[in-house]
Amino acid sequence: MRLLIVEDDASLASGLRRILEAEGHAVDVTSRGEDAVLAASQERFDLVILDIGLPRMDGFEVLRRLRAAEKPMPVLVLTARDAVEDRVRGLDLGADDYMVKPFAMPELTARVRALLRRSQAHGGPRIVHGPLMLDTIARRAFLRGEPLELAAREWAVLEVLLAKTEKIVSKESIIQAVAGWGEDLSPNAIEVYVSRLRSKLEPAGIKIRTVRGFGYMLEEFKAH
Amino acid sequence: MAARSLRAHLLRMLLPPVAALLAVGALVAYYPSIEPATEAYDQALVDIAIAIGAQIRSTPTEYRLDMPPTVEQVLRTDRYDTIYYRVISPGGSDIAGEPELPPPLGDSGSYDAVFKGQKLRLVSVPTPCGRFACTVLVGETMVKRTRLAREVLVYSLFPEVLIALATLLIVWFGVKRGLSPLARLSEEIKARSPGDLRPIDAAASPEETRPLVSALNGLLEEVSQSAQNQQRFLANAAHQLRTPLAGLQAHTELALAQPVPDSCRAHLEHVHEATIRTARLANQLLALARAEPGGRGTPFEVNLKNVIEGEADAWVHQALARDVDLGFELENAPVQGDAPLLREALANLVHNAIEYSQRGGRVTVRTGRRGGQSFAEVEDEGPGIAPQERERVLERFYRVPGTTGTGSGLGLAIVREIAAGHGAKIDIGDAGGPEGTRGCRVALTFPHG
């Protein structure tokens, strides 16, 4: 994947570049917002990592221009400020995720992976999660290349979880996404579908974690 | 404080002039009313003297008082006072009556004197005796005059005292009433949260208090300006501090990912650990500074449930990294406050709970309402905090003796600071874990409303 890092701190920028290169990405770095806007207009990037505190043209402005030019790639915003207004402003301007400095590198690489996965899956006919593949057009699922039988409701729940890998999905939002008009689906029913999904997916190493009192989270797939 | 009471001060200032006015008023009323009465009594004495004078018989050789005892008895009878008389011949010798009765010093017809140890009021009336004039003195004790004077005094003082009392009452309640806009103003200021630096509405206060209000607003403006400067400084400091720390962290992690000799690796690991600790410490110091009065934003209605739902993702990942089962029991818990600070407080509590949990331990975050008050609490199954340590753990940089881990001792101090800013109470208690661990429950209970 091709990544653009916009960060004016040379030390952090080089560190990020090396780490993301080690993950197998092609990484370009610029320290100026103007250059970032120009580069994005001429070349295609799969993801932009954007610092807010840039000299002259700040990260908010870069983000605004990228979105105004209808650049669809995900943008991960980095900031040294934790003021909630900054976060809200960033997300309003179309940032896809937000990290406060300093951060642990494994967390950064995990978020980059999640963003790339989501953007690849977005609108595409196939959703891939480790050994699991969903063909959304044929509505057929495969696990380790073998066809996997899924009931309609199980499919729907799985789709919701896959769309938000590594994020907590509340039971209510699953109910909203799964239940048709006028249907009354109880939280207990969702539990049943999740437990059926678990028994089908866990042998392949795919884990759906229960967050007590909240909902579920499809964990990142880690090959052993 | 009595010395500073405006009311007492006003009363003290008013009391002497009111008292003086009272005295003057009483005197002014007293003399005009006592004089006619006194004159009437004197006139009665003169009448007696004339009646006695009419009983004097004069011959060329002598003067004689020819008064039948019944007449004398009638003349000398009085309800209250004893009446004395003395008749003196033109030559100056006594004809009748009490020879000791003192004569007037001058020519005045009526006078006061002392007789047999008593004060007397006397009149001296010249009475024709043949070709000359005898003198008849008639005096009486002062009983009814004293009585009259007292009554006149009381009747003239009574309305004065009433007026004075009314004045004092008007001052007492008038000051209170007059100052009620000030009282309202101070109520309004008292009701504010410490971080609320908005100007006071000058239009809502009476004209007399406007200078005070505008002076206060000037002060508030300055305070809020300096708070904003401080916030700007903090934001800049945060940026300056955090960016290089992020770089340092990235590079140590990169270095550790390389094949390095073991002797070097140990050092690198120390550097990495120290970097992470420093980063967390920097974050906490900034949070602590933000939690101080100048750093608080305008309070809004915040639902603790929503604050937690917004952070749950990050916390669950922290919990997963330590194999801790993080769960939620969230009910609506509206409070007035600063959302980022509340998030910081709760994040510190959850971080502590995860940090001190065993692998596989449970941590539960709960919000809701109890007895009309919103609360948020975090419960773990860790070692807990002994009762004697519960006060001290809230102090800055205090760590329970024997504690391991990377904490700085600031987390709970931040929670305390933020709780104080929101008027919330912190309770630390046991939660009771499995296998007899004490467990820990830290609850924040917010004020009614």
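B:Ser124 lies in strand 6 of chain B, which spans residues 118-129. The model is a predicted one. With a relative accessibility of 18%, B:Ser124 counts as buried, because the cut-off for that class is under 20%. Apart from neighbours within four places in sequence, the residues in contact with B:Ser124 are B:Pro104, B:Gly109, B:Tyr111, B:Thr135, B:Val136 and B:Leu137.

In chain A, helix 2 (residues 33-42) packs against helix 3 (residues 59-68) at an angle of about 15°, and their axes are 9 Å apart. Angles under 35 degrees count as roughly parallel, and helix 2 of chain A and helix 3 of chain A are therefore roughly parallel to each other. Their crossing is right-handed. Helix 2 of chain A contributes A:Gly33, A:Ala36, A:Val37 and A:Ala40 to the contact, while helix 3 of chain A contributes A:Val62, A:Arg65 and A:Leu66. By class, the residues of this contact are 5 nonpolar, 1 polar and 1 charged. An α-helix has 3.6 residues a turn, so residues three or four places apart point the same way.

Back in chain B, helix 9 (residues 411-421) is mostly covered, with 9 of its 11 residues buried. Among the buried residues of helix 9 of chain B are B:Leu412, B:Ile414, B:Val415 and B:Ile418, and also B:Glu417. The cover over the buried residues of this helix includes helix 6 (262-291), helix 8 (339-355), strand 13 (425-429) and strand 14 (440-445) of chain B. After helix 9 of chain B comes B:Gly423, which has a positive phi, near 65°.

Key: Residues numbered from 1 in each chain as written. Chains lettered and ligands numbered in written order. Predicted model: local features only at pLDDT ≥ 70, side-chain atom pairs only at ≥ 80, totals over all residues. Heavy atoms only, no water. Axes fitted to C-alpha atoms, helices over the stretch in contact; angles between N-to-C directions. Helix = DSSP H or I, 4+ residues; strand = E, 2+ residues; numbered from the N terminus. Parallel < 35°, antiparallel > 145°, perpendicular 65-115°, else oblique. Left-handed = near helix turned anticlockwise from the far one by under 90°. Contact = heavy atoms within 4.5 Å. Nonpolar A, V, L, I, M, F, W, Y, C, P; charged D, E, K, R; others polar. Buried < 20%, exposed > 50% of the residue type's maximum accessible area, 1.4 Å probe, protein only.
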